[in-house]
Amino acid sequence: MPMTVLVTRNASPRTRGFLASCMCEVAPGMYSAQLTKSVRERIWQVVERWHPLGADRSAVMVWPDNNEPGGQGILTIGTTRYEVVPWQGAAFVRRDLTDAESRSLTIEDDQNDPVPF
């Protein structure tokens, strides 16, 4: 049975209670357990049904899977700024930069012209 990790953000008390009943909550909103494929799939079905959708709510589940890019399966639900992108046999996570992050990547010289690093 492979190790499965599930991380939630702003989950409802019902969802958190369910997850704590079948996985170990190793940190607030972070659960881990050795699960069979069928148990993992059932837990994810419950999370999809119960996890309240809305602003700043999400859940991510990862587990070892040699048939997936990077050797791990990844499921996500909810509003997340991250996107899993498979590329050349590996899984990468990308996100758009906020305006403030974009601005922080440039500096201004003496003539106030933006210069990239």
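Which side chain meets that of Lys37 in a salt bridge? Glu41 does, at 3.9 Å, N to O. A salt bridge here is a side-chain nitrogen of Lys or Arg within 4 Å of a carboxyl oxygen of Asp or Glu.

This is a predicted model, where local features need pLDDT of at least 70, side-chain atom pairs count only at pLDDT 80 or more, and totals for chains, interfaces and linings use all residues. Residues are numbered from 1 along each chain as its sequence is written, and side-chain values use heavy atoms, with hydrogens and water left out.

**Overall build**

- The protein chain has 3 helices and 9 strands. Helices (H or I, at least four residues) and strands (E, at least two) are DSSP runs, numbered from the N terminus.
- Along the sequence, the pattern is β-α-β-β-α-β-β-β-β-α-β-β.
- The protein chain has 117 residues, and 23% of them count as buried. Buried means under 20% relative accessible area, exposed means over 50%, and partly exposed lies in between (1.4 Å probe, protein chains only).
- Accessible areas come from the Shrake-Rupley method with a 1.4 Å probe; for residues, only the protein chains shown count as cover.
- Take the contacts between residues at least 6 apart in sequence: 40% of them join residues at least 24 apart. Contact means heavy atoms within 4.5 Å.

**The nonpolar core**

- The largest nonpolar core holds 15 residues. Such a core is a set of buried Ala, Val, Leu, Ile, Met, Phe, Trp, Tyr and Cys residues joined through side-chain atoms within 4.5 Å.
- Leu6, Leu19, Met23, Ile43, Trp44, Val47 and Met61 touch the most other members of this core.
- Helix 1 (13–22), strand 3 (30–34), helix 2 and strand 4 (58–64) each supply at least two residues of this core. Helix 2 gives the most, with 4 residues.
- Val47 touches Leu6, Leu19, Ala59 and Ile77, leaving aside residues up to four places away in sequence.

**Salt bridges**

- The whole structure has 2 salt bridges.
- Glu41 and Lys37 both lie in helix 2 (residues 37–50). They sit 4 residues apart, about one turn of the helix.
- Glu41 is partly exposed, because its relative accessibility is 41%. Lys37 is exposed, because its value is 53%.
- Glu25 and Arg16 also pair through their side chains, at 2.6 Å, N to O. Glu25 is partly exposed at 33% relative accessibility, and Arg16 is partly exposed at 32%.

**Surface features**

- Val7, Val26 and Met30 make a nonpolar surface patch of about 220 Å². Patches are made of residues with over 30% relative accessible area and no salt bridge: like charges are joined within 9 Å, nonpolar side chains (Val, Leu, Ile, Met, Phe, Trp, Tyr) within 5 Å.
- Val7 lies in strand 1 (residues 3–9). Val7 counts as partly exposed because its relative accessible area is 36%.
- Trp87 lies in strand 6 (residues 82–87). Trp87 counts as exposed because its relative accessibility is 53%.
- Trp87 and Gly70 are 17 residues apart in sequence and 9.0 Å apart in space, C-alpha to C-alpha.

**Cysteines**

- The structure holds 0 disulfides. A disulfide is a pair of cysteine sulfur atoms within 2.5 Å.
- Cys22 is partly exposed at 30% relative accessibility. Cys24 is partly exposed too, at 47%.
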